[in-house]
Each structure stands twice: as structure tokens, then as C-alpha cells.
Amino acid sequence: MGWKDIAKLGRDWAEAKKTELLTTDNQRREQAQGDLEEIGRASQQETVTSFLEGVLPEEWSRHITAARPENVAAREAAAQAQASADRRERLTSQPSGRVRLAVSGEEQGTLDLDLPVTVEERPAGEPWEGGPDPIGWLLVRVESAEPVALGGTTLSELSLAVPAHTGPGRYDLVELMRRGDAGEIEGWEVLDLYLAPSVEADDTVWYVDLAAGSAWIEVDAAEVRFELPLRSAVSAIRVRGSVAWG
């Protein structure tokens with residue numbers, strides 16, 4: 001790409017940016033935004049980027065500099081480091097509970113540790129005429145500042161959610177899902193029932209699989225016991241265990 005081509009990119013970028021900022025026509029703004037993206041892809045070569053940084057007005061050249069891959073990567077790394085530090089600081093101030101797990105299936109292992117535990121009760125909302133009965137929840141979350149060994153895998157977070165919670169007792173999740181689907185109670189999802197090997201939310205996270213058989217949680221005043229089938233995008237396991245706090 002010659003210098004004339006590079007200069008044209010700079011002129012085109014400035015013109016498209018001006019249109020994006022000043023036009024009141026939505027179609028023209030969308031076209032300008034598309035032009036900016038196309039110019040951005042064309043300007044990834046180091047010579048082009050450096051030229052645009054030198055010839056564009058300072059306010060606009062900062063956009064080119066910020067879009068450099070190394071600067072994008074640096075910002076992402078800094079954000080991840082800050083999030084990790086914030087999480088670690090939060091967990092050091094949380095009370096711990098005794099966590100006992102036994103995993104079978106495509107992963108196998110046991111765990112018996114004191115780890116940070118949070119417990120939250122969410123009462124049922126107000127009923128509405130003609131609708132199913134709203135449900136309350138008990139949420140129990142186990143987290144570890146660093147992933148801990150669990151057989152051939154690790155544990156970073158375990159989230160247990162008890163739908164239709166009304167106090168101590170045994171909760172059959174398969175039956176509660178059936179009741180939700182039938183409209184007997186408020187419908188609910190399984191997204192708060194999972195085991196995460198790492199902090200990253202990726203395809204290794206196991207979510208409860210209510211089509212895989214028995215799934216239950218027993219609630220006492222300061223403990224839950226459970227057996228849950230879980231499935232990720234890559235494997236299936238069954239976890240049995242307890243979390244005690246207080």
C-alpha cells in the first residue's frame with residue numbers, strides 16, 4: 001500500500017467520522033459507521049496506523065491509537081487483573097463454610113475444605129390474578145480465590161439454588177421443574193445451579209441437567225445437602241455433597 005493510498009484512508013476516515021458525528025440521517029450514520037469499520041480493518045498495518053496517528057487531528061488519532069491490538073490487549077489484561085483483585089478482596093472478608101463434594105461420571109474426585117460461602121434468601125413476590133404462584137429462592141454460593149483441586153478437575157465456584165424455597169425440607173428439582181412447566185408454580189430456569197472449574201465462564205462450566213435423573217437439595221437451618229446431575233458442553237458428571245455455614 002503506497003503513501004497516497006494511506007493518505008486517502010486518512011481522508012476517508014475523517015470524512016466518515018464527521019458524518020457519523022454530525023448527520024441526523026440514521027441511514028447515513030449507519031453507512032458512515034460501516035465505512036469506519038472497513039477503514040479500521042484496512043488500517044491494521046503498522047505503517048498505515050502510524051501514518052493516521054500522525055496526520056489526523058489529535059482527538060481522532062487517539063481512536064486509532066486506542067484500537068492498536070497491543071493497546072486493546074493491555075486494557076483487557078488490566079481489567080481482568082483488577083477484577084481478579086476485587087474478587088480476591090471480597091472473598092477474604094466473607095465467612096467460610098465447610099464444603100464436602102464427591103464427583104462421579106466423566107470426572108471423578110472429592111473435596112473437603114473450608115471455603116467462602118454466601119447465603120441469600122429471596123422471598124416470593126406478590127401473587128397476581130390469574131397467574132401461577134410466585135416462588136421464593138434460597139441461594140448458596142461457594143467460591144474460591146484460586147481454583148482448588150477436585151480430582152482431575154478444579155473448583156472455582158459452586159452455585160446452589162433452591163426454587164420454591166419455604167424453609168427446611170427436601171426439594172425435588174425434577175418435580176419442581178415439572179410444576180413450573182405445568183403452570184402450577186412460577187416457571188424457573190436452572191442457570192443458578194452450576195459448578196465452575198475456573199473463573200472464566202466457558203464451555204467447561206457444568207449446569208444442572210434435570211433430564212439426567214434424580215436431582216434434589218435438602219435444606220436445614222445452616223446446611224444444604226444435595227445430589228445433582230450436571231452437564232457441560234464437553235462432559236457430564238454427578239455431584240453429591242453438602243455445604244454447612246454459620
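This is a predicted model: local features need pLDDT of at least 70, side-chain atom pairs count only at pLDDT 80 or more; totals for chains, interfaces and linings use all residues.
User: How many residues does the largest nonpolar core have?

Analyst: In soluble globular proteins, nonpolar side chains tend to be buried together. A nonpolar core is a set of buried Ala, Val, Leu, Ile, Met, Phe, Trp, Tyr and Cys residues joined through side-chain atoms within 4.5 Å. Buried means under 20% relative accessible area, exposed over 50%, and partly exposed in between (1.4 Å probe, protein chains only). Here the largest core has 43 residues, and Trp188, Val224, Phe226, Leu228 and Val243 have the most contacts inside it. Strand β3 (residues 137-150) gives the most to this core, with seven residues. Helices (H or I, at least four residues) and strands (E, at least two) are DSSP runs, numbered from the N terminus.

User: Which residues is Trp188 in contact with, leaving aside neighbours within four places in sequence?

Analyst: Contact means heavy atoms within 4.5 Å. On that basis the partners of Trp188 include Ile135, Trp137, Pro163 and Leu210.

User: How is a pair of aromatic rings described?

Analyst: By the distance of the centres and the angle of the planes. Rings of Phe, Tyr and Trp (its six-membered ring) pair if their centres lie within 6.5 Å; planes under 30 degrees apart count as stacked, over 60 as edge-to-face and the rest as tilted. The count comes to two aromatic pairs. Trp137 and Trp188 have ring centres 5.9 Å apart and planes at 75°, so this pair is edge-to-face. Trp137 lies in strand β3 and Trp188 in the loop between α6 (173-181) and β6 (194-196), so the pair ties together parts 51 residues apart in sequence. Both Trp137 and Trp188 are buried. For Tyr194 and Tyr207, the centres are 5.8 Å apart and the planes at 55°, so the pair is tilted.

User: Is Glu121 buried or exposed?

Analyst: Glu121 counts as exposed because its relative accessibility is 58%. Glu121 lies in strand β2 (residues 109-122). Leaving aside neighbours within four places in sequence, Glu121 is in contact with Trp137, Leu138 and His165. Glu121 and Leu138 are 17 residues apart in sequence and 4.6 Å apart in space, C-alpha to C-alpha.

Definitions and conventions:
Residues are numbered from 1 along each chain as its sequence is written. Side-chain values use heavy atoms; hydrogens and water are left out.
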